[in-house]
Amino acid sequence: AKLCGCFQKERTRYNDSPRHLEPQFTMSSSASRIEYSEKYADEANEYRHVILPKELSKTLPKSKLLSEDEWRRIGVQQSRGWEHYAIHRPEPHILLFRRALGTDPQSGRVDPELERQARDEYKNQFGLLRK
């Protein structure tokens, strides 16, 4: 799948096991072909995008952000705290996710110490802190 230049990141595949789902968001063999980008960040959030097989994305609402329950029911698997925050209109099969820096992946809540460490790491990576 060709990606818009702003989303060209290394992608990984993640297989899913079947579950009982509501008919509107049924998983199929296409759920095993969902692709996940590496995480990237700015000073406030970390981001990732998820690339759905086009046949799966055609079953989703066109102008609605998905709740965590909805994106999990179609087979997207990632740690807690991620929010589907935008629809990428040119490529609606790409779901855009973000979460606050320092989010504990087990609880989905921001841990102040993890947040401080993540912000410091971001600033160091881009040379924004004096040593």
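Phe97 is buried, its relative accessible area being 0%, where buried denotes under 20% relative accessible area, exposed over 50% and partly exposed in between (1.4 Å probe, protein chains only). The model is a predicted one, in which local features need pLDDT of at least 70 and side-chain atom pairs count only at pLDDT 80 or more, while totals for chains, interfaces and linings use all residues. Residues are numbered from 1 along each chain as its sequence is written, and side-chain values use heavy atoms, with hydrogens and water left out.

The chain contains three helices and six strands, arranged along the sequence in the pattern β-β-β-β-α-α-β-β-α; helices (H or I, at least four residues) and strands (E, at least two) are DSSP runs numbered from the N terminus. Of the 131 residues in the chain, 37% are buried.

A search of the whole structure finds three aromatic pairs, a pair being rings of Phe, Tyr and Trp (its six-membered ring) with centres within 6.5 Å, counted as stacked when the planes are under 30 degrees apart, as edge-to-face when over 60 and as tilted for the rest. Tyr40 and Tyr47 are stacked, because their ring centres lie 6.1 Å apart and their planes meet at 20 degrees. Tyr47 is buried at a relative accessible area of 14%, and Tyr40, Tyr47 and Tyr85 form one aromatic cluster. Trp71 and Phe97 make an edge-to-face pair, with 5.1 Å from centre to centre and 75 degrees between the planes. Since Trp71 belongs to helix H2 (residues 68–73) and Phe97 to strand S6 (residues 94–100), this pair ties together parts that are 26 residues apart in sequence. Trp71 is likewise buried, at 1% relative accessibility.

The structure holds nine salt bridges, each defined as a side-chain nitrogen of Lys or Arg within 4 Å of a carboxyl oxygen of Asp or Glu. Glu70 is bridged to Lys64, with the closest N and O atoms 2.5 Å apart; Glu70 counts as buried at 12% relative accessibility, whereas Lys64 is partly exposed at 35%. Within helix H2, Glu68 and Arg72 lie four residues apart, about one turn of the helix, and form a salt bridge whose closest N and O atoms are 2.8 Å apart. In helix H3 (residues 112–125), Arg116 and Glu113 are three residues apart and therefore separated by about one helical turn; their side chains meet in a salt bridge (2.6 Å, N to O). Glu113 is partly exposed at 37% relative accessibility, and salt bridges that share partners join Glu113, Arg116 and Asp120 into one network.
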